[in-house]
Amino acid sequence: VVLYAVGIASFAGVGALLISRVPTNPIGYLLLAAGTVLVAAIVIGTYADLGAVQVPELPGSDLARSIGDVMFFYPFVIAFIGVPLVFPDGRLLSPRFRWIAGLAVANVIAWTLGGLSIAQLDSFVLVGTLVTFGGAMFSIGLRFRQGDPTQRQQIKWLSADVSLAIAVLIPALLFESVNPVIADGLSSVAILAMLAMPVVIGIAILRYRLYEIDRLISRTIAYVVVTGVLSTVFGAVVLTLSTALSQVAQGQTIAVAASTLAVFAIFQPVLRRVRHAVDRRF
């Protein structure tokens, strides 16, 4: 439960940050969508679990179980196909990859129809999953080969995470009917890789200046540090002057005014020094 909570929070947090910073880039929306759908799948699945043990059974428990199981597949498609196809600039590498995106949508529809027992399209889903995952990885590989050194550094984190997920998810699908225990173990590893994706993207953002969010974060840190320093100075000066002027009429007022002037005088020098120190770290 804690792992899911952390993973969902990371999807929502990183997604919201990217949406606020680069609203024209779909990666933030994809991450936020994956987290939202995962929450919905967990809520619906929980209702199904609770409903199955009630007497009488809660209405719609069986349907909720089917819908929850179906929806649980969606975040994987978003995270391991949608994001890799457009990472890091938010665009497909070339128009030739549109058919991969289209096949991914068709695969989701086929999975949904099968999960709701409307049509049995297991073979299509398996082939579609293999092809779309392969296409997403091929896109990442091409970006890595064609990119400059900075872009390669940005891509390698996501590539490692997606490669791990695909390496265990495909065998999990193959073993599902042969050995469910092995399939569940491999699926758990794939889930961990999926939940780690926002963290991986965050590493690329913070370490390799992707989307230039490092400047936004450095400025935030600088102002937090400056606020702490100035608050400490203000409090120390007020306390010192209040003690020294305790016998003077309106000594407290004088102390506050003097502290305000002192803080105002050192604000710019402190801000320059802190910014310089923080920027050097970034």
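Trainee: In which helix do Phe76 and Phe80 both lie?

Mentor: The model discussed here is predicted. Phe76 and Phe80 are 4 residues apart, which is about one turn of the helix. The element that holds both is helix α4, residues 74-86.

Trainee: What kind of aromatic pair do Phe76 and Phe80 form?

Mentor: A search of the whole structure finds 4 aromatic pairs. For Phe76 and Phe80, the ring centres are 6.0 Å apart and the planes are at 45 degrees. Planes under 30 degrees apart would count as stacked and those over 60 as edge-to-face. The pair of Phe76 and Phe80 is therefore tilted.

Trainee: Is Phe80 buried or exposed?

Mentor: The cut-off for a buried residue is under 20% relative accessible area. Phe80 has a relative accessibility of 0%, so Phe80 counts as buried.

Trainee: Where does the side chain of Asn25 reach at 3.3 Å?

Mentor: Asn25 is found in the loop between α1 (2-21) and α2 (26-52), and its relative accessible area of 6% makes it buried. Its side chain reaches the backbone oxygen of Pro88 at 3.5 Å. At 3.3 Å, the side chain of Asn25 reaches the backbone oxygen of Asp89.

Trainee: Which element gives the most to the nonpolar patch?

Mentor: The surface patch covers about 680 Å² and is made by Trp99, Leu126, Val127, Leu130, Val131, Leu174, Phe175 and Ile182. Two elements give two or more residues to it, namely α6 (122-146) and α7 (149-175). With 4 residues, the element that gives the most is α6.

Trainee: Is Val131 buried, partly exposed or exposed?

Mentor: Val131 lies in helix α6 and is one of the residues of the nonpolar patch. A residue is buried under 20% and exposed over 50%. Because its relative accessibility is 32%, Val131 counts as partly exposed.

Trainee: How many Å apart in space are Val229 and Val274, C-alpha to C-alpha?

Mentor: Val229 lies in helix α9, residues 213-244, and is partly exposed, with a relative accessible area of 32%. In sequence, Val229 and Val274 are 45 residues apart. Their C-alpha to C-alpha distance in space is 9.9 Å.

Technical notes:
Residues are numbered from 1 along each chain as its sequence is written. This is a predicted model: local features need pLDDT of at least 70, side-chain atom pairs count only at pLDDT 80 or more; totals for chains, interfaces and linings use all residues. Side-chain values use heavy atoms; hydrogens and water are left out. Rings of Phe, Tyr and Trp (its six-membered ring) pair if their centres lie within 6.5 Å; planes under 30 degrees apart count as stacked, over 60 as edge-to-face and the rest as tilted. Buried means under 20% relative accessible area, exposed over 50%, partly exposed in between (1.4 Å probe, protein chains only). Patches are made of residues with over 30% relative accessible area and no salt bridge: like charges are joined within 9 Å, nonpolar side chains (Val, Leu, Ile, Met, Phe, Trp, Tyr) within 5 Å. Accessible areas come from the Shrake-Rupley method with a 1.4 Å probe; for residues, only the protein chains shown count as cover. A salt bridge is a side-chain nitrogen of Lys or Arg within 4 Å of a carboxyl oxygen of Asp or Glu. A polar contact is a pair of N or O atoms within 3.5 Å; within protein, one must be able to donate a hydrogen and the other to accept it, and residues adjacent in sequence count only if both atoms are side-chain atoms.
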